[in-house]
Amino acid sequence: AVAEAVRSTLGPKGMDKMLVDSMGDVTITNDGVTILKEMDIDNPTAEMIIEVAETQEDEAGDGTTTAVAVAGELLKNAEDLLEQDIHPTAIIKGFHLASQQAREEIDDISEHVDADDEDLLRKVAETSMTGKGAELDKELLAQIIVEAISSVTVEGQVDMQYLNIETQTGQSASNSELLKGAVIDKDPVHDNMPKSAEEANILLLNEAVEIEETDVDTEVNVTDPSQLQQFLDQEEKQLKQKVQQIVDSGADVVFCQKGIDDLAQHYLAKEGILAVRRTKKSDIRFLKNITGAAVVSDLDSIEAADLGRASVRRDEADELFYVEGIGDDVHGVTLLLRGSTDHVVDELERGVNDALDVVSTTVADGRTLAGGGAIEVELASRLRDYADSIEGREQLAVEAFADALELVPRVLAGNAGLDSIDLLVDLRAAHESGDQRAGLDVFSGDVVDTFDAGVVEPAHAKEQALSSATEAANLVL
Ligand code: ADP
Ligand code: MG
């Protein structure tokens with residue numbers, strides 16, 4: 001049931017699902033793992049299957065639907081074998097052998113991709129976004145995704161901590177862009193503050209610029225008005241001192257993770273310092289990477305070395321700050337995703353996130369495969385040959401594994417309203433005649449070389465999908 005729930009979303013023609021939770025919040029998605037996470041399930045076997053999706057999401061970032069659908073199909077085929085009185089241990093062994101063999105075959109079938117082959121990497125990104133909310137603008141998005149990954153690749157290593165995603169509602173996805181540095185969706189705390197600062201000293205502060213609250217509940221009794229005035233003066237002095245510490249440090253811009261008192265805002269504005277309060281923790285962490293600043297959590301011990309350097313610019317129309325690091329060895333980039341509504345932006349972000357993961361694992365792994373069911377049909381055919389070399393009942397399990405793989409082209413065809421049986425026959429025939437990359441063009445309904453057609457998947461994600469599907473099926477068995 002779980003596998004069937006996500007199957008209808010597989011591929012470019014798969015349908016989105018709308019999920020409504022108990023609070024009435026709506027999620028519209030095509031993403032396997034998101035659907036499964038939103039589903040309210042308390043069945044131990046079902047939970048194991050959901051774990052497949054989660055592992056897949058963590059390890060590969062894409063292919064979650066495939067992993068779950070294959071796991072479900074493996075179990076369905078195992079059930080047939082159990083009915084023929086084949087012992088679960090024989091099935092487990094056979095599935096295990098088949099999965100191992102599949103990995104070897106994937107390695108053999110895969111096509112190498114160079115880290116700087118942007119053309120092919122763009123195809124990988126586009127394939128991953130097909131059928132998702134990101135699809136309409138997939139060419140532009142694939143372009144900026146590949147650029148983003150290449151700008152955070154340092155000495156051959158992709159370092160995702162230099163990449164941030166920021167979302168904004170209001171414009172269409174085609175206005176999404178890749179920006180150098182950070183984008184902070186905040187306003188200055190005071191109207192009289194400068195709105196931008198070139199080559200400025202940046203302070204990242206994790207301390208409230210407010211009156212310190214006492215740890216215990218206290219009550220202050222005053223006996224005449226002058227004492228009250230004294231008390232207020234003291235508070236003001238405390239605030240002034242904090243602001244003075246910021247001024248003395250030499251900071252031009254302050255990104256504070258906590259609050260900034262009204263009075264302190266006024267003092268900071270008078271000193272010509274740009275201050276932002278309640279900056280997101282993740283933004284502070286990213287700013288740290290870009291500006292080279294340390295996060296100061298106690299103004300009493302602030303040093304000049306804690307400050308970082310960056311240029312800060314204000315985009316008044318979008319009410320955003322652009323923070324760009326200074327120097328050649330600064331990497332951070334931000335993908336600014338735009339969409340008309342929250343639901344649109346959320347689904348766009350999921351699609352782009354998947355594509356980012358896919359491109360970065362492809363750069364690291366260097367192997368790609370022909371999608372659209374091509375790899376699954378080729379694997380199935382090779383596994384059937386392999387099954388012949390195996391003695392005993394395990395052979396039947398290896399064959400059942402091969403059959404389960406063909407679920408992918410069948411479902412891709414079915415979801416596109418095509419005749420899945422006819423197409424599977426055509427696909428098998430093409431592979432028998434040596435056409436390893438023959439897959440399904442779901443738009444025309446033809447069997448084509450999907451690799452040439454630009455349907456390209458990362459080998460690593462496919463390996464991961466097969467091995468986690470096998471492990472889950474074996475656990476259940
Ligand atoms: P998953 O969660 O498993 O990634 P998707 O809904 O993203 O599920 O579907 C992925 C499948 O769709 C892969 O098998 C991929 O090869 C196939 N696919 C993607 N784009 C195309 C296309 N243009 N034509 C045919 N198949 C495609
Ligand atoms: Mg996908």
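**View 1. The shell around ligand 1.** In this predicted model, 22 residues surround ligand 1, each with a heavy atom within 4 Å of it. The closest are Asp-62, Thr-65, Thr-66, Gly-372 and Glu-457. By class, the shell holds eight nonpolar, 11 polar and three charged residues. Here Ala, Val, Leu, Ile, Met, Phe, Trp, Tyr, Cys and Pro count as nonpolar, Asp, Glu, Lys and Arg as charged, and the others, Gly among them, as polar. Residues are numbered from 1 along each chain as its sequence is written, while chains are lettered from A and ligands numbered from 1 in the order in which they are written. Local features need pLDDT of at least 70, side-chain atom pairs count only at pLDDT 80 or more, and totals for chains, interfaces and linings use all residues; side-chain values use heavy atoms, with hydrogens and water left out.

**View 2. Threonine contacts of ligand 1.** Polar contacts are pairs of N or O atoms within 3.5 Å. An oxygen atom of ligand 1 lies 2.5 Å from a side-chain N or O atom of Thr-66. For the side chain of Thr-65, the distance from a ligand 1 oxygen atom to an N or O atom is 2.8 Å. Thr-64 takes part through a polar backbone atom, 3.3 Å from an oxygen atom of ligand 1. The protein covers 95% of the 570 Å² of accessible area that ligand 1 has on its own (Shrake-Rupley method, 1.4 Å probe).

**View 3. Helices at the ligand.** Helix 4 (64-83) and helix 14 (407-415) each supply at least two residues of the shell around ligand 1. Helix 4 gives the largest share, three residues. Helices are DSSP runs of H or I with at least four residues, and strands are runs of E with at least two, numbered from the N terminus.

View 4. Strands pair if DSSP finds at least two bridges between them. Three bridges join strand 16 (residues 367-370) to strand 19. Leu-369 stands opposite Glu-457 of strand 19.

**View 5. The hairpin of strands 17 and 18.** Strand 17 (residues 438-441) and strand 18 (residues 446-449) pair antiparallel over four bridges. Asp-441 faces Asp-446 of strand 18. Four residues lie between the strands. In this hairpin, Gly-445 takes a positive phi near 80°.

Key:
Polar contact = N/O pair within 3.5 Å; in protein donor to acceptor, adjacent residues only side chain to side chain.
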